[in-house]
Amino acid sequence: MRIAIFGAGSTGCYLAGQLCLSGFDVSLVCRPTIKQTILANNGITLSDYQGFLQTVMPNTMITDIEQAPTAYDAFDVVFVTLKCHQVSSITNTLIAITHSNSSIIFMQNGLGSFDAVRDALSHCRLLQGITPFNVLQQTDGRFHKGTEGVFTLQKNEHTQMIQLAMQSQNFGCDLYQDMTTVIYGKLLLNLNNALNAITDLPIKQQLSLRASRRQLAGAMSEWLKVCQTANITLHQYTKVKPQWLPVILSMPNMVFTLLAQQMLDIDPQARSSMWEDIQAKRKTEIEYINGAVVRLGKQYGVKTPINEAIVAQIHQLEQSV
């Protein structure tokens with residue numbers, strides 16, 4: 001089974017590393033700077049907050065998509081790890097590098113980008129996946145996992161093979177037949193991505209500040225209200241039900257620290273991918289995360305002033321860097 005990681009940044013390189021270590025033939029479609037970094041450091045180095053450390057070299061790294069295989073020897077599985085706003089521009093390329101039995105797995109945060117390409121890619125099987133943990137690119141070609149969680153993918157025969165191989169290396173991989181509740185539940189947690197970028201602090205330090213937690217609680221409450229009004233069910237990622245998260249986040253520091261040990265079991269230097277985008281002067285996914293809350297709020301008549309303010313703040317940061 002030939003696998004491509006299309007748009008291999010921090011998360012894509014971490015996924016590629018785990019797949020390589022699990023025995024798959026993996027090609028990266030990536031920026032020249034990513035390729036240069038990997039070559040200069042003799043591979044992708046994976047590390048995590050629990051002490052894991054291993055280096056592996058992918059089979060192929062493609063920086064010019066014209067070098068990618070033709071449909072004659074196309075990829076069996078393509079993981080698309082581009083940002084949401086980049087997905088719609090690559091439909092023709094995805095058609096060229098896949099065949100009728102290929103699986104294309106979209107790994108984007110937020111809502112909206114998958115729907116925009118569904119019809120154009122009806123020639124093969126389209127799936128969704130998520131990364132329920134934080135990955136940050138560090139020096140020397142290291143990609144560091146700073147929080148708990150495993151890659152979560154939609155179930156079919158390709159992803160079942162991937163799950164078995166990854167589990168054999170103790171990486172873990174969760175599969176779901178229907179990803180809707182999973183993705184909507186993940187959006188609840190992703191609402192902190194923007195706030196982490198705004199505070200410009202490591203996530204653990206940010207969550208130690210009650211004022212920041214209360215702002216996150218407010219953003220989450222708006223999304224929960226939208227979901228309640230729209231009759232949307234959310235997957236539960238934490239030990240407590242989604243509706244209890246704003247309550248716990250709003251509690252005084254001492255009580256929060258006692259109740260949220262799992263939430264705080266993260267690398268002290270972990271930051272969100274949106275913080276990384278702001279630092280790199282890249283366009284963020286804000287319109288697909290907090291912006292999605294605002295759009296659905298308007299659709300269902302639910303006011304979302306906190307998320308509207310967060311969207312505006314991120315747009316200011318995008319323009320100022």
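Strand 3, residues 44-48, and strand 10, residues 142-145, pair in the parallel sense over four bridges. This comes from a predicted model. Across the pairing, Leu46 stands opposite Phe143 in strand 10. Strands of a sheet pair through backbone hydrogen bonds, in either a parallel or an antiparallel sense.

These two strands belong to an open sheet of four, ordered 4-3-10-9, and its pairing is mixed. Strand 4 (53-56) and strand 9 (135-137) are the edge strands, each pairing on one side only. On average, neighbouring strands of this sheet are turned by 20 degrees against each other, direction ignored.

## The helix on the sheet

Helix 1 (residues 10-21) packs on this sheet. Helix 1 touches strand 3, strand 4, strand 9 and strand 10. The direction of helix 1 makes about 95 degrees with that of strand 3.

## The second largest pocket

Rolling a probe the size of a water molecule over the atoms shows where empty space is left. In this model, the second largest pocket holds about 390 Å³ of space. Its lining is made up of 22 residues. Those nearest the centre of the pocket are Phe114, Asp115, Arg118, Gln128 and Ile183.

Two or more lining residues come from each of these elements: helix 4 (113-117), strand 8 (125-130), helix 6 (180-199) and helix 12 (290-300). Sorted by class, the lining of the second largest pocket has nine nonpolar residues, nine polar residues and four charged residues.

Notes. Residues are numbered from 1 along each chain as its sequence is written. This is a predicted model: local features need pLDDT of at least 70, side-chain atom pairs count only at pLDDT 80 or more; totals for chains, interfaces and linings use all residues. Side-chain values use heavy atoms; hydrogens and water are left out. On a 1 Å grid over the protein atoms alone, a cavity is a set of points where a 1.4 Å probe fits but cannot get out, and a pocket is an open set with protein on both sides within 12 Å along at least five of seven lines; lining residues have an atom within 4 Å of a point. Grid points are joined across faces, edges and corners, and a volume is the space filled by probe spheres set on the points. Ala, Val, Leu, Ile, Met, Phe, Trp, Tyr, Cys and Pro count as nonpolar, Asp, Glu, Lys and Arg as charged, and the others, Gly among them, as polar. Two strands pair if DSSP finds at least two bridges between them. Axes are lines fitted to C-alpha atoms, for helices over the stretch in contact, and angles run from 0 to 180 degrees between N-to-C directions. Contact means heavy atoms within 4.5 Å.
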